[in-house]
Every structure is written in C-alpha cells, then in structure tokens.
Amino acid sequence: MFYSTNPFTGKRILEFDYHSTQKVKDKLMSANEAYFEWSQGSVANRIKYIEKVKEVLLKNKEKAALLITTEMGKPISESYAEIDKCIDLCDYYADNAVEFLEERVLKTAPESVKIYEPLGVILGIMPWNFPFWQVFRFAIPTLIAGNTVVIKHALNVPECALLLEEIFNTAIQDIEPYVNLFITNKKTENLIANDIIKGVSLTGSTKAGKAVGALVGGELKPMILELGGSNALVVFKDADIEKTVDICIQSRFLNNGQSCIAGKRLLIAEEIQSEFMQLLIEKVQALKIGDPMDMDTKISVLAKREFVLNLEQQVSQSITMGGLLLLGGNSHDYYFEPTIISNVTPDMPLFSQETFGPVLAVTNFKTVDEAVALANNTDYGLGVSLFSKDICEMRSLIHKFQDGAVFVNSLVKSMPELPFGGSKASGLGRELSQEGIKAFVNVKTVVIG
C-alpha cells in the first residue's frame with residue numbers, strides 16, 4: 001500500500017493498493033490485445049481518437065490542474081498552463097502526424113520505399129514534476145504511431161495517474177490502448193524483461209536512467225532516456241539586462257525550480273555582474289510566495305521533504321567551500337526559500353551536481369572561451385541559454401556547447417514542434433516533433449525488383 005500527500009499541508013490525501021501480480025498480467029495482456037486492433041487502423045483514424053482525448057481533457061481541465069497542485073505543489077497557474085500545453089501537443093500531432101508517418105519513396109533503382117510500422121506495447125516510466133505533460137508528450141505520438149502504452153507513473157501523483165487513464169480510455173471506449181499500473185520499482189524491472197513490452201521511455205534522474213538503460217539494453221529493446229540536467233544561463237556583457245533577468249528568473253524558478261531543463265548555473269560576464277545581480281535579487285524578492293492554490297503565487301512548496309533536505313546539504317556545503325549567500329537559504333517542512341549563491345566554483349555541489357529546487361548558483365567569467373568552458377564543465381548536456389545582442393557571435397558559438405539544445409535570448413523549454421533530448425548524462429534519444437513520433441517504430445525498407 002502507498003499514499004499520496006499534499007506537500008503544502010503535509011497531510012495524507014488517499015491510500016492506494018499496488019496492483020497484484022495477476023492484475024499486472026491482466027492489464028499487460030489487455031494492452032497487447034488492444035495493440036492488434038489499434039495498430040490496424042489508419043493514422044488518420046488514430047488522430048480522430050487523439051482529438052477526442054483532447055476534448056475529454058478540456059472537460060477535465062479544472063480537475064486535472066487541481067490534482068497536479070494538490071499532489072505535487074505546483075502553483076495552480078502553472079498547473080493550468082501544463083494542461084494547455086498538453087492540448088497544444090494534441091493539435092500539433094493532429095496537424096502533422098499523417099505527413100510524418102507517410103511512406104517515403106527513395107531515389108533508387110529498383111523501386112524502393114521506406115515505411116514506418118509500430119512495434120507493439122511501449123512502457124512509459126513517468127515523473128511527478130510535470131505529471132500530465134510528460135505523459136502526453138510520450139503517449140500521444142507513441143499512440144498515433146500505432147503502439148499501445150503502459151504507464152508506470154510516479155507514486156506520489158496517483159490521482160493524476162488515474163485521471164490520465166480515465167481521460168484516454170473515455171475518449172477511446174471500444175478498446176483500451178492506454179493502461180496505468182501501480183507497481184514497485186522491482187516489478188518494473190520484471191516488466192521490462194516481459195516479451196510483451198517492445199520498448200521503454202523513461203523520464204527521471206540520471207541514476208534511474210542508468211539502471212533502466214542497462215536493463216532495456218540487455219533485452220535489446222529501443223529506449224528513450226530523458227534524464228537530469230544542470231543547464232547554464234550564459235549572460236554576456238552586451239546582454240539586455242532587464243529582459244535577461246526576467247528570463248533567468250522564469251527559467252530557474254518555474255515549477256518551484258523542479259525541472260530538469262531549468263537554468264541552474266548562472267554564468268555572467270564580470271563587467272555587468274554588479275548591475276545584473278542587483279536587479280535579479282530585487283525581482284526574486286518580489287516573487288509571491290505562499291499557497292499554491294492562489295493564482296498569484298509564484299513560489300510554493302517542493303514535492304517531497306527529501307528534496308528540501310538534499311538542497312539544504314548542497315547549499316550548506318557550497319557556502320562552507322566559499323560560496324556567498326546573497327538571498328534566501330532558509331527552509332522548513334516542504335518549503336525552500338528562493339536562494340541565490342554567488343562565488344560558486346566548479347568543485348562545489350551547486351555547480352557539479354544537479355539542483356532540484358529554487359536555488360541559483362552564480363559564477364562570473366572574463367572571456368567568451370571561459371564562459372564556454374564553464375558551461376561545458378558538467379556531466380550533463382540537456383540545454384544552454386545564451387544572452388547577447390550579438391546574434392552573429394552567438395551563432396558562431398553554438399557548435400561549441402555540448403548540449404542537446406541551445407536557446408539564444410530565451411529559456412530552454414520543450415515544445416511540440418522541436419526535438420527534445422540531451423547528451424552526456426542527460427540521456428539518449430529524442431522526444432517530440434518528427435523524431436518523437438518515430439521513436440518507437442520499425443523503419444522498414446521495401447525494395448521491389
């Protein structure tokens with residue numbers, strides 16, 4: 001048995017039972033049986049079902065947003081925005097999936113074509129920090145490609161998991177291509193080895209990704225691993241200071257700082273550091289802190305108490321090593337105050353480790369080459385943001401950054417139309433866009449002599 005907890009009140013919400021071994025077996029067989037019918041329909045017909053999913057989600061928007069905030073503490077305005085993003089995703093694939101998956105005639109002799117066929121039942125191991133968006137960005141393209149999906153969601157958002165299953169299967173009533181499982185990590189390992197599972201997508205920590213990746217690789221199954229990040233916000237001396245401050249605040253403190261693609265390391269040209277930091281501190285101090293159910297709240301609680309304890313340790317160790325506390329640093333229960341630490345060096349935990357919460361590490365640089373080296377001085381490679389008015393110079397630097405994404409004068413974000421994924425310890429593969437819908441297909445070459 002496990003239970004959900006409201007991180008703002010600290011109170012238990014509901015208790016849930018894990019699915020029994022027989023229940024897991026039955027649900028897995030159901031997903032497999034659904035696949036044989038689901039995969040036979042055309043892409044256009046599957047899009048019609050996805051459009052119904054969108055309609056059902058819209059009807060449940062209020063309920064979904066409230067559940068997100070109640071179970072993991074996201075400010076309610078951001079929970080509504082998360083649902084809107086899921087709706088945009090449905091629209092994007094409805095408009096583009098047919099083109100993405102149509103046969104490709106190859107310029108060869110004899111005649112040849114390239115076709116895309118689904119694999120079967122795909123397992124999605126999903127995180128808690130964007131409990132609807134992460135599922136949608138995996139499930140929608142995977143389903144449209146003709147696969148069925150089994151979801152092992154994070155156990156601290158069980159009501160979100162149940163509502164998601166209800167939304168998909170209300171929209172698709174004649175068969176059930178979407179299955180939710182409440183199982184332990186150990187049973188998830190057994191599931192990966194099951195012959196019915198044809199591929200695995202995981203969004204989670206790098207530690208979890210390595211463990212799951214070893215299991216999936218051992219079974220010779222395709223996988224996507226979307227893992228941790230320690231994105232740099234690189235502010236050059238000619239940046240628009242006011243606009244850049246606003247973007248950096250959004251990047252670091254969105255979702256209470258609990259995002260793999262958040263800007264966690266602020267690298268700033270020493271010529272503008274004083275002016276920039278003064279404005280940054282003023283604006284962070286103005287962020288409304290409080291009840292996540294208040295539409296004006298920008299900062300609230302973290303999803304779990306253990307995340308607070310981990311941040312406390314990272315901040316404390318970094319200050320002991322010479323980091324300078326400029327703002328915040330206080331914590332209690334599930335809450336960690338918005339915090340800014342300067343004089344951070346690469347050997348400190350706030351630089352070398354992933355921080356998952358509202359803490360911004362600040363490091364200055366003297367030259368462009370130093371900025372690039374600092375940005376790359378991490379095990380992660382999810383994304384980097386560059387801020388400068390000299391777009392030509394920024395273009396010339398793009399190839400030097402060892403990341404899956406480079407955003408100029410913008411925060412790194414996942415969008416339906418852009419491939420999303422990282423390098424190094426940030427993972428393998430790409431979600432979203434054309435790459436995402438082809439992640440779990442058999443690319444079949446056909447030659448007609």
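Me: I'm taking a salt bridge to be a side-chain nitrogen of Lys or Arg within 4 Å of a carboxyl oxygen of Asp or Glu. By this rule, what does the count come to?

Reply: The count comes to 14 salt bridges. Keep in mind that this is a predicted model.

Me: OK. What distance do you get for K288 and D294?

Reply: Their side chains meet in a salt bridge at 2.7 Å, N to O. K288 counts as partly exposed because its relative accessibility is 35%. D294 is partly exposed too, at 27%.

Me: Now K186. Which residue does its side chain meet in a salt bridge?

Reply: E189, at 3.6 Å from N to O.

Me: K186, buried or exposed?

Reply: K186 counts as exposed, with a relative accessibility of 53%. E189 is at 35%, so that one is partly exposed.

Me: Which residues of α7 are buried, then?

Reply: In α7, which covers residues 185–193, T188, L191 and I192 are buried. Looking down the helix axis, the buried residues fall within an arc of 100°, so they line one face of α7.

Me: What covers those buried residues?

Reply: The cover includes two helices, α1 (21–38) and α8 (206–218). Strands β5 (121–125), β6 (148–152), β7 (178–181) and β8 (197–203) are also part of it.

Me: Those strands, what order do they take in their sheet?

Reply: The order is β7-β6-β5-β8-β9-β21, an open sheet of six strands with mixed pairing. The edges are β7 and β21 (427–428), and each has a single partner strand, so one side of each is left without a neighbour in the sheet.

Me: How many bridges join β5 to β6?

Reply: Five, and the two strands run parallel. I125 stands opposite K152 of β6.

Me: And what does α1 touch on that sheet?

Reply: α1 packs on the sheet and touches β5, β6, β7 and β8. The direction of α1 makes about 155° with that of β6.

Me: Changing topic. There's a sheet of seven strands as well; what's the order there?

Reply: It goes β12-β15-β16-β11-β10-β18-β19, again an open sheet with mixed pairing. β12 (324–327) and β19 (406–408) are the edge strands, each pairing on one side only. From one strand to the next, the twist averages 25°.

Me: How do β12 and β15 pair, parallel or antiparallel?

Reply: Antiparallel, over three bridges, with β15 spanning residues 339–342. The bridge partner of L324 in β15 is S342.

Me: Which helix packs on that sheet and touches β10, β11 and β16?

Reply: Helix α13 (residues 368–376) does that, touching β10 (231–235), β11 (263–269) and β16 (359–365). The angle between the direction of α13 and that of β16 is about 145°.

Me: Next, V315. Where is it, and what is V315 in contact with?

Reply: V315 is in helix α11, residues 305–320. Leaving aside neighbours within four places in sequence, V315 is in contact with F336, I341, L350 and V359. With 5% relative accessibility, V315 counts as buried because the cut-off is under 20%.

Me: How far is V315 from M348?

Reply: The pair is 33 residues apart in sequence and 9.1 Å apart in space, C-alpha to C-alpha.

Me: Last one: T5, buried or exposed?

Reply: At 17% relative accessibility, T5 counts as buried. T5 lies in strand β1, residues 2–6. Apart from neighbours within four places in sequence, T5 is in contact with G10, K11, R12, I13, T70, E71 and Y334.

Notes
Residues numbered from 1 in each chain as written. Predicted model: local features only at pLDDT ≥ 70, side-chain atom pairs only at ≥ 80, totals over all residues. Heavy atoms only, no water. Helix = DSSP H or I, 4+ residues; strand = E, 2+ residues; numbered from the N terminus. Buried < 20%, exposed > 50% of the residue type's maximum accessible area, 1.4 Å probe, protein only. Contact = heavy atoms within 4.5 Å. Arc of directions from axis to C-beta. Pairing = 2+ DSSP bridges. Axes fitted to C-alpha atoms, helices over the stretch in contact; angles between N-to-C directions.
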